[in-house]
Amino acid sequence: MDTGPLTLRQFTAPEDVSPALRDELLDCWIEVTNAGGAAGFPFPPIDAHLAGPAVDSLVAGLDPGSSRLVVASVDDDLVGWLNVRRDDFRLVAHWGTLHHVQTRTGLRGRGIGAALMRRVRDIARDEMGLEQLRLAARGGAGLETFYGRLGWREIGRWPGALRLAPGDDRDEILMILAPL
């Protein structure tokens, strides 16, 4: 799958997401979650019946001003994706939140996630007019190290906020990238 160059594309409207891309998003989300990734479904395994409505909701909410999908592909095959959203409420409209940062499990460590993160920074700043980005990451997975290498900084934790199983409570790590 990874023979060609990495291509990054963004989608800003539901009608721009083809049925084939929708299916690739769904497959990636299932793969990442079932491999233990913190991608919105805390209790694997999941399947298309559970993840499908979440993909459809994300796609239906795409809007140039408030929600964008950024997709990484190699040879027209999806290898990773993320979603950036902002609230239009004037008090908080200057910042956005990242959701569902995902890379195909067999392709991790090849710079795909970092490329997505660099691209979303440019989109947020230059196209959406945002001044900062925020995200929440599950503790215990080393995600704060990954994001930290890209300029993000930890601004707080909710200790034990996430209970994955009896005796497996994880912190929720709050991170920020500012200025963009």
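Is Arg119 buried, exposed or partly exposed? At 28% relative accessibility, Arg119 counts as partly exposed, where buried means under 20% relative accessible area, exposed over 50%, and partly exposed anything in between (1.4 Å probe, protein chains only). Before going on, keep in mind that this is a predicted model: local features need pLDDT of at least 70, side-chain atom pairs count only at pLDDT 80 or more, and totals for chains, interfaces and linings use all residues. Residues are numbered from 1 along each chain as its sequence is written, and side-chain values use heavy atoms, with hydrogens and water left out.

Back to Arg119, then. Its side chain meets that of Glu127 in a salt bridge, at 3.7 Å from N to O; the term stands for a side-chain nitrogen of Lys or Arg within 4 Å of a carboxyl oxygen of Asp or Glu. Glu127 is partly exposed too, with a relative accessible area of 40%. A search of the whole structure turns up twelve salt bridges. Another one pairs Arg125 with Asp122, whose closest N and O atoms are 3.0 Å apart. Both Arg125 and Asp122 sit in helix α3, three residues apart, or about one turn of the helix. (Helices here are DSSP runs of H or I with at least four residues, strands are runs of E with at least two, and both are numbered from the N terminus.) Arg125 is partly exposed at 32% relative accessibility, and Asp122 is partly exposed at 30%.

Asp168 has a relative accessible area of 25% and Arg170 has 23% relative accessibility, so Asp168 counts as partly exposed and so does Arg170. Salt bridges that share partners also join Glu144, Glu154, Arg157 and Asp171 into one network.

Now for the inside. In soluble globular proteins, nonpolar side chains tend to be buried together. To put cut-offs on that, a nonpolar core is a set of buried Ala, Val, Leu, Ile, Met, Phe, Trp, Tyr and Cys residues joined through side-chain atoms within 4.5 Å. The largest such core in this model has 27 residues, and those with the most contacts inside it are Leu98, Met117, Leu133, Leu135 and Trp152. At least two residues each come from β2 (67–74), β3 (77–86), α3, β5 and β7. Helix α3 supplies the largest share, seven residues.

Setting aside neighbours within four places in sequence, Leu133 is in contact with Val84, Gly96, Val120, Arg121, Ala124, Trp152, Met175, Ile176, Leu177 and Leu180, contact meaning heavy atoms within 4.5 Å. There is also a second, separate core of 21 residues, which includes Ile46, Val55, Val59 and Leu78.

What about empty space? Rolling a probe the size of a water molecule over the atoms shows where it is left. The largest pocket holds about 880 Å³ of space. On a 1 Å grid over the protein atoms alone, a pocket is an open set of points where a 1.4 Å probe fits, with protein on both sides within 12 Å along at least five of seven lines, and lining residues have an atom within 4 Å of a point. Grid points are joined across faces, edges and corners, and the volume is the space filled by probe spheres set on the points.

Of the 36 residues that line the largest pocket, Ala38, Ala39, Val101, Leu143 and Tyr147 are the closest to its centre. The elements giving two or more residues to the lining are β4 (95–103), α3 (112–127), β5 (132–138), α4 (143–149), β6 (153–165) and β7 (168–177). Strand β4 gives the most, with six residues. By type, the lining divides into 20 nonpolar, ten polar and six charged residues; Ala, Val, Leu, Ile, Met, Phe, Trp, Tyr, Cys and Pro count as nonpolar, Asp, Glu, Lys and Arg as charged, and the others, Gly among them, as polar.

His100 lies in strand β4 and has a positive phi of about 60° although it is not a glycine; His100 is buried, at 19% relative accessible area. Asp76, in the loop between β2 and β3, has a positive phi of about 65°, and at 70% relative accessibility Asp76 is exposed. The peptide bond from Pro44 to Pro45 is cis, with omega near 5°, and Pro45 belongs to the loop between α1 (19–34) and α2 (48–60). The bond from Ala178 to Pro179 is cis as well, with omega near -5°, and Pro179 is in the segment after β7.
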